[in-house]
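Have the model open beside you as you read.

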Amino acid sequence: MQAIKEKPKSCYFCVQNKKTAEYTEPSLLRRFISSYMKIAPRRRSGLCAKHQRRLAIAVKRARVAGLLPFVPR
C-alpha cells in the first residue's frame, strides 16, 4: 500500500502577507479554533511554526480579554 501524498497546506499569514494574528480580531482567530474551543494543531491549521506560536498567544490573550470564550456554550 502506498501512502497518499497530500499537498502541504500553505500558511495563511504568509500567503496573506500579514505579520501576526492580533488578539483584537476574534473572527480571524475563530478560523483556527475547533468547535470545542481548542486551538487547532499545525497539521490541521496549516500554519508555519512561527505563526502557530503567535496565533496561540493571540487566542489566549483574546480569551483573557473576553473576546473569545474558554469553553463552548
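Of the chain's 73 residues, 33% count as buried, where buried means under 20% relative accessible area with a 1.4 Å probe and protein chains only. Please keep in mind that this is a predicted model, in which local features need pLDDT of at least 70, side-chain atom pairs count only at pLDDT 80 or more, and totals for chains, interfaces and linings use all residues. Residues are numbered from 1 along each chain as its sequence is written, and side-chain values use heavy atoms, with hydrogens and water left out.

The chain holds four helices and zero strands, in the order α-α-α-α along the sequence; helices are DSSP runs of H or I with at least four residues, strands are E runs of at least two, and both are numbered from the N terminus.

Some overall values for the chain:

| Property | Value |
|---|---|
| C-alpha trace span along principal axes | about 50 × 30 × 15 Å |
| Accessible surface (Shrake-Rupley, 1.4 Å probe) | about 5,800 Å² |
| Share of that surface from carbon and sulfur atoms | 53% |

Take L29 as an example: beyond its neighbours within four places in sequence, L29 is in contact (heavy atoms within 4.5 Å) with A21, E22, Y23, L55, A58, V59, A62 and L68. Across the chain, 56% of the contacts with a separation of 6 or more are between residues 24 or more positions apart.

Methods:
Buried means under 20% relative accessible area, exposed over 50%, partly exposed in between (1.4 Å probe, protein chains only).
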